[in-house]
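Colleague: I have the file open and would like to go through it. Can we start with the strands and then move to the charged pairs?

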Amino acid sequence: MSETAELKIKGKAYQLPLVEGSIGDSGLDIRKLRAESGHITLDSGFGNTGACRSAITYIDGDKGILRYRGIPIEELAVKSTFVETSYLLIHGHLPTKQELEEFSDKLRYHSLIHEDMLHFYDGYPSTAHPMAILSSMVCSLSAYYPDSLDPKDPEQVEHLIPRVLSKIRTIAAYSYKKSIGQPVIYPKNALRYCENFLYMMFAVPSEPYEVDPEVAAALNMLLILHADHEQNCSTSTVRLVGSSDANLFASIAAGICALWGPKHGGANQAVVEMLEVIRKNGGDVKAAIAAAKDRDNPFRLMGFGHRVYKNFDPRAAVIKDLCDKLLSRLNLHDPLLDIAKRLEEEALNDPYFVDRKLFPNVDFYSGVLYRALNIPVNMYTVMFSLGRLPGWIAHWKEMHQEGDGRIGRPRQIYTGETKASYVPLSERV
Ligand code: SDX
């Protein structure tokens, strides 16, 4: 019999089983609470609510720890590749040489999208945000695999995973090419994952194009750092949509839409737009800090703060270091990086941010890196999607293979009219 916590409501005691994990938060199992007590719990934003058990990623927000399948991201960022890390997250272990070769071959082999999908791009205005295109194109991929959409069939799931991992990269690159009026560049399967993406993004048919290995290495690291983050907003969306037995493409498309929000993955684009405004205002970081602290001002310091990290975000530290290294390697000087560093310095010495434990998060420096890679600002959240895709897939798969199979359906505390009658139009004032 597991240990329990006792809850008393109006003198009556209820026993709630304690649920322990291997490390980190333990929880109270409230699955019988409503049936036994008639009460539910309320936790807007789910800051205190565990949605599931998971073995994929561990975060300790107080210590700035982030581990994929137990391995610290600081190790994976420098020792692994995005493809290998994707395998680790999805399959639960580092691949053997043969497993990695087979996985890489599948990604190479499935890099093309159906030629008919190219016509979809013609329907979008050139100003369409690439996240709108990405989510609809990914959902539309389901139309080409009608016989492989059963989430309960592990074989069909394994059939789709390399396809969505490889094709989303192609869809993203094609979106960029279409937005600048250039012909799409078909993938070159002799190239590795990140190199192939950069090739599709920046090659043109009329010129030879060589991928800079340092740029590809930086992109690998960036995608690894974004690959998973336990039950964040978009991953929880993928799980919730997937819990209805919606197919993998539909669940991922929903996750892309959740990530688009500026409070979530859209923050990387918002950070660079914020830094540009500060630069235009003469680099006055103090004014930005004052605006962020002003409760009457909706302005937030984008790229700062986090629901879980109440200390530094370990990803931000690695990305900041990568910014310095890559910019000096490429002999670039980006005034936005200087502004970002001054902003960080100012905020980390300001009681408003210190008291609220607001530190730079993964999005604070990533935009500066994307600028150095010549990736346009409206593609930053698409890059976040490319990185987070293996995490979404891993959680979707874990939910179907380890979960209890129940559809996600939260309850509410109703605050509306208790009973009302229909009033004919003629009698309404
Ligand atoms: C990501 O969950 C994940 O894991 C997400 C992510 C992932 O990998 O999936 O890590 C990726 O989404 C990173 C976060 C990117 N978003 C931003 O950078 C946007 C700016 N940040 C804020 O919007 C905010 O910090 C959130 C959304 C990230 C977190 O919001 P919370 O946990 O709901 O915190 P809150 O809004 O309740 O803030 C607590 C206090 C408030 O002040 P008081 O009411 O106590 O006076 O801190 C203040 C907030 O006003 N605050 C900020 C602030 N963030 C919080 N004030 C100024 N600037 C900020 N950025």
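Modeller: Here are some notes on strands and salt bridges. This is a predicted model, where local features need pLDDT of at least 70, side-chain atom pairs count only at pLDDT 80 or more, and totals for chains, interfaces and linings use all residues. Residues are numbered from 1 along each chain as its sequence is written, and side-chain values use heavy atoms, with hydrogens and water left out.

Colleague: In which sense do β1 and β2 pair?

Modeller: Strand β1 (residues 4–9) and strand β2 (residues 12–19) are antiparallel, with six bridges. Strands here are DSSP E runs of at least two residues, helices are H or I runs of at least four, and both are numbered from the N terminus. Two strands pair if DSSP finds at least two bridges between them.

Colleague: What is the bridge partner of L7 in β2?

Modeller: L7 has Y14 as its bridge partner.

Colleague: New topic. How many salt bridges are there?

Modeller: The count is 20, a salt bridge being a side-chain nitrogen of Lys or Arg within 4 Å of a carboxyl oxygen of Asp or Glu.

Colleague: Which residue forms one with K397?

Modeller: E158 does, with the closest N and O atoms 3.3 Å apart. K397 lies in helix α18 (residues 380–402) and E158 in helix α7 (residues 154–179), 239 residues apart.

Colleague: Is K397 buried or exposed?

Modeller: K397 is buried, at 9% relative accessibility. Buried means under 20% relative accessible area, exposed over 50%, and partly exposed in between (1.4 Å probe, protein chains only). E158 is partly exposed, at 29%.
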